[in-house]
Amino acid sequence: MERIALDPQTLKALAGETRVRIMKLLDARQLTQSDLANELKMSLPTVGEHLKALEQAELVEREQTERKWKYYSLTNKARLLL
């Protein structure tokens, strides 16, 4: 089994219940920031801040499509943590 180093940035990102909920939603499928905001009943900027923290901790990654949408998904690191 692969080992994961839990650096301070990762621990900080996982400390929030909302961020863990985001990760669980992304475990099922890729979602946009709007999809997450609707599901969590939160504003787009609030969800954006959570996604930024998760990206910096290398727990989610953003995929830019040919259209304007950006899809978020879990990284392998995040999947191993879940």
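Strands here are DSSP runs of E of at least two residues, helices are runs of H or I of at least four residues, and both are numbered from the N terminus.

The model is a predicted one, in which local features need pLDDT of at least 70, side-chain atom pairs count only at pLDDT 80 or more, and totals for chains, interfaces and linings use all residues. Residues are numbered from 1 along each chain as its sequence is written, and side-chain values use heavy atoms, with hydrogens and water left out.

Strand β3 (residues 70-74) is also joined to β1 (residues 31-32), by two bridges and in antiparallel orientation. Two strands are taken to pair if DSSP finds at least two bridges between them. L31 has Y72 as its bridge partner in β3, while T32 stands opposite Y71.

Together, the three strands form an open sheet in the order β1-β3-β2, with antiparallel pairing. Because β1 and β2 stand at the edges, each with a single partner strand, one side of each is left without a neighbour in the sheet.

Helix α2 (residues 17-28) lies across β1, β2 and β3, running at about 100° to β3. Helix α4 (residues 44-56) lies across β2 and β3, at about 110° to β2. These angles, from 0 to 180 degrees, are taken between the N-to-C directions of axes fitted to C-alpha atoms, for helices over the stretch in contact, where contact means heavy atoms within 4.5 Å.
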